[in-house]
Amino acid sequence: MVQERTTDLRGDCARCFGLCCVALPFAASADFARDKPAGKPCPNLRDDHRCGIHAKLRDEGYSGCTVYDCFGAGQKVSQVTFGGRDWRDVPRADARRMFDVFPVVRRLHELLWYLTEALTLPAAGPVHADLRRMLERTEALTRGSAEELAALDVPAHHQQVNVLLLRTSELVRAGIGGGNKKKNRRGADLMGARLKGADLRGASLRGAYLIAADLTGADLRGADLIGADLRDADLTDADLTGAFFLTQPQLNAARGSVGTRLPGSVGRPVHWAA
């Protein structure tokens, strides 16, 4: 059941109508080669909803696309919320509603990812029943109508989920050895920090800014990495075994090597050095 849920929470572009390439805005920057307003198709989007430069996104200046993941929201909105209707073939008002709903479902699916992972952590056993109820409630929300999704108070629901995720973090990290099991670096500004070989076992790095931080050889076993900004962080030879609430987009934005040890919930990015 957990494996099936995890599969459903991974983007499947073949079942989506290129929503991330249309609904979302982006600005010319180091991540995107040009500006694009919300609701306007990316010029690289082909008629079959595939990216025309997918194999060379980084070379063309679209590295931001390579680190994005909808957590399966694209196919949910395309095939469930709108019943397989292509935004190109519906009235403009319906297309706009589809674009508005997509980021809402994407946020809910990200929460489903965390809740699903929390249920695989034995140390979180005391809150598994509450986590399971919240997961079922969140899943039900994703299956609401377009009107219900548009009216949903996502921040309020996120707060309710976060209470359980925080408790999960406390339970998991309490059982991890090392001097950092109670260390709280939540939201810390660690941009460019020199953390080579640092002992960060069981540390809370929730929402920490680790942009371009040197984490070469760092010990991140059992660390809580929910919301940590790992853009351009160097994870070469770092040990993230047992690190939790780490998502593929976070990892894709970082740098690493064949020696970087990862939890089983994520895969090694193809652009990492061998």
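Guide: A helix here is a DSSP run of H or I with at least four residues, a strand is a run of E with at least two, and both are numbered from the N terminus. This is a predicted model, in which local features need pLDDT of at least 70 and side-chain atom pairs count only at pLDDT 80 or more, while totals for chains, interfaces and linings use all residues. Residues are numbered from 1 along each chain as its sequence is written, and side-chain values use heavy atoms, with hydrogens and water left out.

Visitor: How many helices and strands does the protein chain have?

Guide: The protein chain has eight helices and zero strands. Read from the N terminus, the order is α-α-α-α-α-α-α-α.

Visitor: Why is the protein chain called as compact as a globular protein of its length?

Guide: The globule rule is 2.2 Å times the number of residues to the power 0.38, with the radius of gyration taken over C-alpha atoms. For 274 residues the rule gives 19 Å, and the radius of gyration of the protein chain is 19 Å, close to that value, so the chain is as compact as a globular protein of that length. Along the principal axes, the C-alpha atoms fill a box of roughly 60 × 45 × 30 Å.

Visitor: What percentage of the residues of the protein chain counts as buried?

Guide: Buried means under 20% relative accessible area, exposed means over 50%, and partly exposed lies in between (1.4 Å probe, protein chains only). Of the 274 residues, 49% count as buried.

Visitor: What share of the contacts in the protein chain joins residues at least 24 apart?

Guide: A contact requires heavy atoms within 4.5 Å. Among contacts between residues at least 6 apart in sequence, 45% join residues at least 24 apart.

Visitor: Why is α3 called mostly covered?

Guide: In α3, seven of the nine residues are buried. These are Ala73, Gly74, Gln75, Lys76, Val77, Ser78 and Thr81. After α3 comes Gly83, with a positive phi near 55 degrees.

Visitor: Why is Gln75 called buried?

Guide: Gln75, in helix α3 (residues 73–81), has a relative accessible area of 5% and is therefore buried. Setting aside residues up to four places away in sequence, Gln75 touches Asp8, Arg10, Gly11, Asp12, Arg15, Cys16, Cys70 and Val80. A polar atom of the Gln75 side chain lies 3.0 Å from the backbone nitrogen of Asp12.

Visitor: What makes the pair of His157 and Thr138 a polar contact?

Guide: A polar contact is a pair of N or O atoms within 3.5 Å; within protein, one must be able to donate a hydrogen and the other to accept it, and residues adjacent in sequence count only if both atoms are side-chain atoms. The side chains of His157 and Thr138 make such a contact at 2.8 Å. His157 belongs to helix α7 and, with a relative accessible area of 4%, is buried. Beyond its neighbours within four places in sequence, His157 is in contact with Leu108, Leu111, Met134, Arg137, Thr138 and Leu141.

Visitor: Why is Ala212 called partly exposed?

Guide: The relative accessibility of Ala212 is 36%, so Ala212 counts as partly exposed. Asp237, in the loop between α7 and α8, is partly exposed because its relative accessible area is 41%. Phi of Asp237 is also positive, near 60 degrees, in a residue other than glycine.

Visitor: Why is Cys42 counted as buried?

Guide: Cys42 has 10% relative accessibility and therefore counts as buried. Cys42 is placed in the loop between α1 (2–8) and α2 (63–66). Leaving aside neighbours within four places in sequence, the contacts of Cys42 are Cys21, Phe26 and Lys36.

Visitor: How far apart are Val266 and Cys42?

Guide: From C-alpha to C-alpha, Val266 and Cys42 are 28 Å apart in space, and they are 224 residues apart in sequence. Val266 is in the segment after α8 and, with a relative accessible area of 10%, is buried. Neighbours within four places in sequence left aside, Val266 is in contact with Leu246, Thr247, Gln248 and Leu251.
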